[in-house]
Amino acid sequence: MKVNTGATVTEPGSSVKNKTGGWRNMRPVTDLARCKRCGICVILCPDAVISMKNKEEGPRTDYDYCKGCGICANECPFKAISMVAEEK
Amino acid sequence: MNEESLFAPGHTACAGCGAAIALRLLLAAAGKNTIVTQATGCMEVVSTGYPNTAWKVPYIHVAFENAAAVASGIDAALKAKGMRAGKNIIAIGGDGGTYDIGFQALSGMLERGHDVLYVCYDNEAYMNTGIQRSSSTPYGASTTTSPPGKFSIGEDTVKKPLAEIVAAHRPSYVATASVGYYMDFQNKVKKALSKKGPSFILVYAPCPTGWRTPSEKSVEIAKLAVDTGYLILWEMENGDRNTLKVTKMPPKPRKPVIEFLKVQGRFRHLIDKPDEVKRIQEFVDAECRRYGIE
Amino acid sequence: MKMVLRGNMATAYAAKLARVEVIPAYPITPSTLFPEKISEFVANGEMNCQFVKCESEHSAISACVGASATGARVATATSSQGLALMHEILFIAAGMRLPIVMAVGNRALSAPINIWCDHQDTIAERDSGWLQFYAEKNQEALDLMLMAFRISENQNVLLPSMVGMDAFVLTHTMEVVEVPDQKDVDEFLPPYKPLYTLDVNNPMTFGAFSSPDNYMEFRYATQKAMENAPAVIDEVFAAFEKKFGRKYSRVVPYMVEDADIVFVAIGSMCGTVREAVKEMRAEGKKVGLLKITTLRPFPKDLIKKYLANAKVVAVFERNISLGFGGAVYPEISAVFVNAGQRPKIYDFIIGLGGRDILVSDIKQTYDIAMKAYADGKDDVIEWIGIKKEML
C-alpha cells in the first residue's frame, strides 16, 4: 500500500477487495421456482450483493460479500428466499 | 455482486444497515453524474477506509459539520468554470452531522440558494461513535447518553422537527422519506434533482445495532414507522406551503404506535409503562392531525 | 500601475489579478475590506469569480476546500477569531493537499477581545501545514499573495498558504502600491492545474479514512512537501524579481554581517526596527535586523546563516505561547541548541493587541539585551512596554 497525495483514492469501488462474506452466520438461499423476478432483493440489499442479469437466470447472490442480514428474505413478497445456517 | 451499484460491496456497514440501503437507493436514483460530499459518520467511515472506497461517483469527505458548506464550494467552483450543468451535487449527512453540528452549514447552504440536494440519513442517534443521542433521538429512546434509569425515561426531549425547519427556509424541494418505501424515496430524489436551487430529503434509516432490532427487519421497521403515523412522509415544493402534501397515507385504521415501539430494544423499557406509551401515542396523533392524517 | 491602496485592497487586487475563481468569505475586522472589494469587483463584472457569502468562517474555509477539490483557484481572507474558528479545517486543507491562499489581517485573539495588530492568530496555526508569509508593507501583501498561488500550486508543494498583514497598520493604512498589469500576471501565474479533481468522468474519493497502519506515512509525506517548499519559494521569488523587479527572500537581513546584536522581527514592526537600527548604528552600536518573511516552512538554513555570528539574538514577538514565551524564540533556539558556535538568544514580547511599537522600545530592548549578555544571562523572556502601574 502506498500513501497517495491527500489520502485520495483514485480507484472507484475498490472496496470490492474486501470480501465481507466471512461475516455471516446465516446465508440466504433463493428458490428460483418461487421467485417472480420482481427485483426487490436486488434493490434493497444494503451491500449490493444480489444481481440479476436477466429474468431467465433470475437473481444471483454473491456469497463473497453477503453478510447474511436477511433483509432479502424478509422483504421478498413471494417468500422465495430462506435463511439457512452457514456451514462452518 | 451488483456491478451497477454506485455504492459497491465490501464496505463495512453492519449487516442490515438501513443507511446503506438509503445510499444505494439515493445513488440509483441520482445516477453517475453525481458529486457527493459527506459528513463524518457511519456511512463515511464504513465506505472510505484507505486505500479503498465503496464510492463509484466523485466523493469528498472533509469534516463532521460541513458537508453542506463543502457542497456550496463545489457548486460555486463548477459555476465559475461554466461546468455546472448536467451534474448533481448531493451532500449527505447522518442525523448527528445534520440536525446538530451540521445545522448551521445546512441553513447557510439553503439560504444562499445553492443547487445542492442535502440528504440526511436519519437513524436517530450518533451511531458511529456508539449510539449517543442527537436532537433527532425521539422521546423515550434509550441511547448511551440518554439511558433509562431510576430517574430517567430515556431521551427526555421530543425529536427536533428538522424537515419543517428546512421547509421554513423555502427551498426548492423538501421531503421526508423512508427506506421502507423505496419508490417514494427515489421519486423524491428525482424530483429534487430536477429542480434548480437547494433541496432537502430526510430519509429514515433504521440501525439494527443502535435500535437493537433484528438485522433482517430494517426495511420492515422503516415501513412500520410510516404505518403507525410515527413518521409522516410528506413533500413541499418551491417553498410554497400550499403544495405540502402527504405522499404515503398510513393504512386505515392507523396501526397503534406500540406496534412500532415493541419491536425495538431501544424502547423496551417503555413497554411496561402505559402512561409513557400513551404520551407517545398522543404526540403521534397530534402530528398526524396536523398533517391531515386520520 | 501605481495606486494608493489599503493592505486589504492590495490583497483583493492580487486575488483579482490571479484570476481567483471562487472566494467564499465571511466578514471580520480587520479583514472585511477584502470580501467587500471582491464583491464590488464581482458586482461590476470586473472579476469572473463566484463570491460565496458564507455564514461563518468555518463554512467559508470548508467551501474553499470543496471548491479547490473541484479544481478551482480559491482564496479567502480572515483574522483572529475567524482564523481560530477555521482551525480544524486548516489542518484538513493541508492534509488534503489543496492550494488555497488566504490573506490574514493579523489580529489579537480573545480573551479579552481586541481587534488590533498581533500575530497570535497565525502563530497559533503554525502546526497546520499551511505555508506562512508575512508582509511588512502593503506592496508585500499584494506581491506575496500573488506568489503564494504559484508556490502553493507547485506539484512538489500542493499546500495552502496564508499571507499575514498587520491589522490596521497594513490592512487599513493607505500606501502607494505598484499593481501589476494583468498581462504580466497571466505570464507569471498560469491557470491552476490540479493533481486530482472531483470529476464525474473520473470518480475519486477525497478525504479517506486513515488508520495507525498508514497515518504516519501520510504525515511524513506532507512534511516532505513542506521540505520541498523552500526551493520552490526561492525559485518563485527569483521569477517574480525577474518579471516585476521586486526582490523577496524567505528572510531579509539588514546590517547583520558585523552585528553584535541582531533583532529578529516579523511584519510591519520591521520598519520601526530598521529605523532604530539606523539610529543606533549612527551612535556606533553594532546592531542589525533579520526580518522573517516566511515562517513556514521555518527557514532553518537562513536563520543559521545570518545569526550564527551574532553575540546576541533578540527575538521580537507579537505573540505569547502562554506558559512559555514567544513562539519564534524556541524555533530559532532549536537551530543553534546543538551547534558549536551559537549566540545568546533572548525573547522579547512586544506590541500585543495593537500596542504601538516605538523606536525607543527597540533601543530599550538593546539596553536590556546588552546588560543580560554582560551578566551572562541564559534565560531571558521579557515584556517590552508593559505598564506596570496597571497591574
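Residues are numbered from 1 along each chain as its sequence is written, while chains are lettered from A and ligands numbered from 1 in the order in which they are written. Because the model is predicted, local features need pLDDT of at least 70 and side-chain atom pairs count only at pLDDT 80 or more, whereas totals for chains, interfaces and linings use all residues.

**Stop 1: chains B and C**

Select chains B and C together, where 37 residues of chain B are in contact with 37 residues of chain C (two residues are in contact if their C-beta atoms, placed from the backbone, lie within 7 Å). On the chain B side, the elements that give two or more residues are β1 (34-38), β2 (59-61), α3 (67-80) and α5 (103-112); here helices (H or I, at least four residues) and strands (E, at least two) are DSSP runs, numbered from the N terminus. The largest share of this side, 11 residues, comes from α3(B). Colouring the side of chain B that touches chain C by class gives 19 nonpolar, 12 polar and six charged residues, where Ala, Val, Leu, Ile, Met, Phe, Trp, Tyr, Cys and Pro count as nonpolar, Asp, Glu, Lys and Arg as charged, and the others, Gly among them, as polar.

**Stop 2: the helix pair across the interface**

Next select α3(B) and α3 of chain C (residues 57-69), which pack at an angle of about 50° with their axes 6 Å apart; the axes are lines fitted to C-alpha atoms, for helices over the stretch in contact, and angles run from 0 to 180 degrees between N-to-C directions. That angle makes α3(B) oblique to α3(C), since angles under 35 degrees count as roughly parallel, over 145 as roughly antiparallel, 65 to 115 as roughly perpendicular and the rest as oblique. Show side chains for the residues that make this contact, among them B:Ala69, B:Gly73 and B:Ala77 of α3(B), with C:Ser59, C:Ala63 and C:Gly66 of α3(C). By class, the contact of the two helices has 10 nonpolar, five polar and no charged residues.

**Stop 3**

Now show the strands of chain B with β9 of chain C, and follow an open sheet of nine strands in the order β10(B)-β9(B)-β7(B)-β8(B)-β4(B)-β3(B)-β1(B)-β2(B)-β9(C), with mixed pairing (two strands pair if DSSP finds at least two bridges between them). The edge strands, each pairing on one side only, are β10 (240-246) of chain B and β9 of chain C. At the chain boundary, β2(B) pairs in the parallel sense with β9(C) (residues 205-206) over two bridges, and B:Ile60 has C:Phe206 as its bridge partner.

**Stop 4**

Colour chain C by its domain assignment, domain 1 (2-244) and domain 2 (251-390), bounds that come from an automatic or database domain assignment. The C-alpha centres of the two domains lie 28 Å apart, and their contact takes 27 residues from domain 1 and 20 residues from domain 2. On the domain 1 side, α8(C) gives the most, with five residues, and the classes are 16 nonpolar, six polar and five charged residues.

**Stop 5**

Still in chain C, select the six strands that form an open sheet in the order β10-β12-β11-β14-β15-β16, with mixed pairing. β10 (251-254) and β16 (381-383) stand at the edges with a single partner strand each, so one side of each is left without a neighbour in the sheet. The twist averages 20° from one strand to the next. β10(C) pairs with β12(C) (residues 287-292) in the antiparallel sense over four bridges, and C:Val252 has C:Lys291 as its bridge partner.

**Stop 6: backbone details**

Most residues other than glycine have a negative phi, and most peptide bonds are trans. Zoom in on the peptide bond from C:Ala111 to C:Pro112, which is cis with omega near -5°, and then on the cis bond that joins C:Arg296 and C:Pro297, where omega is about 0°. Finally, select A:Ala48, whose phi is near 55°, in the loop between α1 (40-44) and β2 (50-51) of chain A.
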